[in-house]
Amino acid sequence: MTIEAVDPAEQRRSSRVEHNVDEVIKKKKKKKRKRCKRKVSIQVKRPVKMVSRTLQRLIDLCQQVFKGPGTVPSPSDVRRLRHILDFMEPEDVGLSRDLQFFQPKSVVVKENRRVSYATIYKCHNFSLCIFFLPATAVIPLHNHPGMTVFSKLLLGTMRIKSYDWADTQDSDNYDSPSKLKLARLKTNRCFRAPCETSVLYPTSGGNIHEFTAVTPCAVLDVLGPPYSKDDGRDCTYYRENLYGTLSNREEFTKTEDDGHRYGWFEEIEMPQESEMEGIPYLGPQIDESIS
């Protein structure tokens, strides 16, 4: 067997090359591992849950205040709810003035005049809904039987026209062939956000109202209890006939001597053009575990 002599200098150079190659390989593997870890961390990262403390406070207070059908919140509870609602911002329910819907010149909005709504929360005792009205859209005259309703205009300018029955005890007892009922005007003016929250009660405060959007609008309604056809709280729509325009006016005894404006209300089916479209609520969620 022949043993070849190895040059020590060459051996050292070879060792250094191998060492350098190993180092390069190690660095590449290390960088690759880092890149992999960073990629995985992004992939498994859970989306941040949107939270609105104001909305959560509102839900929590509603749980305390609304006791179910047949009850009306006390004056102190009404003040507490109004205090929260008065300071609510569009962002508390995931809205922004920059959304295309609220741009007056939006082509998409101009092509669709239908009112839409999103339900934030609903239970047996109360519900929270947002109504979206394109400019000139109307929610016609309708009632809220046995309900207390808080309305907060979040964005836009809206005309609100509201009535109460002229006589809450006798409003169902008028002996009229046309089945008309007399109502007294409560409010008829424009509201521009931000503004104070309006409140209506089962027999006062403008229980029958109509919304007309001057600009694209979003309004938050808190209803306690919510509509329920099974429980006798179905929504009824009305057509208004101005007081003094009917030929059989002598059948009624109400007059305008008290300085108020009155109207004769006739029940109608919901106008087809006023049918609303339900859309998903995509804003901050409610933590029911602490409600």
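1. Strand β1 and strand β12 (residues 277-278) run parallel and are joined by two bridges; strands are DSSP runs of E with at least two residues, helices are runs of H or I with at least four, and both are numbered from the N terminus. Two strands are taken as paired if DSSP finds at least two bridges between them. Tyr-117 has Gly-278 of β12 as its bridge partner.

2. The model is predicted, with local features needing pLDDT of at least 70 and side-chain atom pairs counting only at pLDDT 80 or more, while totals for chains, interfaces and linings use all residues. Residues are numbered from 1 along each chain as its sequence is written, and side-chain values use heavy atoms, with hydrogens and water left out.

3. On its antiparallel side, β1 (residues 116-122) is joined to β2 (residues 127-133) by six bridges.

4. The largest pocket holds about 570 Å³ of space. A pocket is an open set of points on a 1 Å grid over the protein atoms alone, with protein on both sides within 12 Å along at least five of seven lines; a cavity is a set where a 1.4 Å probe fits but cannot get out, and lining residues have an atom within 4 Å of a point. Grid points are joined across faces, edges and corners, and a volume is the space filled by probe spheres set on the points.

5. Of the 24 residues lining the largest pocket, Tyr-117, Phe-131, Tyr-227, Cys-235 and Met-276 lie nearest its centre. Two or more lining residues come from each of β1, β2, β3 (138-142), β8 (208-213) and β9 (217-224). The lining comprises twelve nonpolar, six polar and six charged residues (Ala, Val, Leu, Ile, Met, Phe, Trp, Tyr, Cys and Pro are nonpolar; Asp, Glu, Lys and Arg are charged; the others, Gly among them, are polar).

6. One cavity of 30 Å³ or more is found in the whole structure. The largest cavity has about 70 Å³ of space, and its lining includes Lys-152, Phe-191 and Glu-196. β4 (148-155) and β5 (157-165) each supply at least two lining residues, with the largest share, three residues, from β4. By class, six are nonpolar, two polar and two charged.
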